[in-house]
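Welcome! Here is a friendly set of questions and answers to guide a first look. Keep the structure in view as you read.

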Amino acid sequence: MGRPRWIELDGAVNARAVVPGVLLRADNLQSLSPRDVRRLVDEDALEVVVDLRTDVEAKLEGPGPMAGEPGVRIELRSLHPDSGSAIDLSAGAIRPWDAHDENESPDEPPVVRAYMSYLRLRADSIVGALRTIATARGAVLVHCAAGKDRTGVVVALALDAAGVDRGMIVADYLASAERIDAIVARLLGSALYRDHVMGHDAQQHAPVRGTMERVFELVDERHGGSAAWLTANGLRERDLQLLRRRLRATQGAT
């Protein structure tokens, strides 16, 4: 992991290979072109798509082009409770700082509160996603709507549990800022998300330094680290070791 390994696609703007052939990440895949599908499957070894959108988001947008690819499995693993209106869910998905959770870290910045709420409310989805990354033979692509918040947390926890240097993890999280104008432009083109970004400076939606670092600090203080949190919430030790072998290749570790 150094400079972002961007995957240039017709139908996504925040796609990159975190660990080539193992872990990919992206924004929404609804607009992938046939060329995009072939690129991801044939060149990037895509086997599983982990979709972090809510059931409401997925239902309203309908199945994307990847759903018709017989060699690719799609897993829907929402990081929000699977209930509520489309408006509430899409607002919290696109603007996590608006997600109001009185039970979560009241003294922390709103984005940190939102990220920590994913761990508290949907440990099942996070553990399931990381188990998939650990056990797949090919590449796993993790995505949400923008590919920066929900996707950022799941990818960061996977890399941290695998022992990847945190500076490298933070750099990967921050890389979405390089594409934030294009990300927001895509969201403006979606009836589901448009109202939640319209009239905002795109930079308001960019990931900022200090956010993921603080999440790691809280996970360390409260749970003993990412790996300890994962095993306490159901990830088997065998799968944790598989995750480490698959992801630590990114920094030359064994």
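Q: Which tyrosines do ring pairs link into a cluster?
A: This is a predicted model, and the structure holds two aromatic pairs. Ring pairs join three tyrosines into a cluster: Tyr115, Tyr118 and Tyr173.

Q: What kind of pair do the rings of tyrosine 115 and tyrosine 173 form?
A: A pair of aromatic rings is described by the distance of the centres and the angle of the planes. For tyrosine 115 and tyrosine 173, the centres are 6.2 Å apart and the planes stand at 90 degrees. Planes over 60 degrees apart count as edge-to-face. The pair is therefore edge-to-face.

Q: How many residues apart are tyrosine 115 and tyrosine 173, and are they buried or exposed?
A: Tyrosine 115 sits in helix α4 (residues 110–121), while tyrosine 173 sits in helix α7 (residues 166–174). Their pair links distant parts of the chain, with the two tyrosines 58 residues apart.

Q: How is α4 oriented relative to α9?
A: The axes of α4 and helix α9 (residues 211–223) come within 10 Å and cross at roughly 45 degrees. The crossing is right-handed. At that angle, α4 is therefore oblique to α9.

Q: How do the residues of the contact of α4 with α9 divide into nonpolar, polar and charged?
A: From α4, the contact draws on Val111, Val112, Tyr115, Met116 and Leu119. They meet Thr211, Met212, Arg214, Val215, Leu218, Val219 and Arg222 in α9. The division comes to nine nonpolar, one polar and two charged.

Q: How is α5 oriented relative to α6?
A: Helix α5 (residues 123–135) and helix α6 (residues 150–161) have axes that come within 10 Å and cross at roughly 55 degrees. Their crossing is right-handed. The angle is the reason for the name given to this arrangement, because it makes α5 oblique to α6.

Q: Which elements are included in what covers the buried residues of α1?
A: Helix α1 (residues 34–43) has Asp36, Val37, Arg39, Leu40 and Val41 as buried residues. The elements covering them include β3 (23–26), β4 (46–51) and β6 (139–143).

Q: Is valine 37 buried or exposed?
A: Valine 37 is found in helix α1. Its relative accessible area is 7%, and residues under 20% count as buried. Valine 37 is therefore buried.

Q: Which residues is valine 37 in contact with, leaving aside its neighbours within four places in sequence?
A: Valine 37 is 28 residues from leucine 9 in sequence, and their C-alpha atoms are 9.1 Å apart in space. Contact is a matter of heavy atoms within 4.5 Å. Setting aside neighbours within four places in sequence, the contacts of valine 37 are Leu32, Pro65, Met66 and Glu69.

Q: What percentage of the residues in the protein chain is buried?
A: The secondary structure of the chain comes to 11 helices and six strands. Of the 254 residues in the protein chain, the buried share is 58%.

Key: Residues are numbered from 1 along each chain as its sequence is written. This is a predicted model: local features need pLDDT of at least 70, side-chain atom pairs count only at pLDDT 80 or more; totals for chains, interfaces and linings use all residues. Side-chain values use heavy atoms; hydrogens and water are left out. Axes are lines fitted to C-alpha atoms, for helices over the stretch in contact, and angles run from 0 to 180 degrees between N-to-C directions. Helices (H or I, at least four residues) and strands (E, at least two) are DSSP runs, numbered from the N terminus. Angles under 35 degrees count as roughly parallel, over 145 as roughly antiparallel, 65 to 115 as roughly perpendicular and the rest as oblique. A crossing is left-handed if the near helix is turned anticlockwise from the far one by less than a right angle, and right-handed if clockwise. Rings of Phe, Tyr and Trp (its six-membered ring) pair if their centres lie within 6.5 Å; planes under 30 degrees apart count as stacked, over 60 as edge-to-face and the rest as tilted. Buried means under 20% relative accessible area, exposed over 50%, partly exposed in between (1.4 Å probe, protein chains only). Ala, Val, Leu, Ile, Met, Phe, Trp, Tyr, Cys and Pro count as nonpolar, Asp, Glu, Lys and Arg as charged, and the others, Gly among them, as polar.
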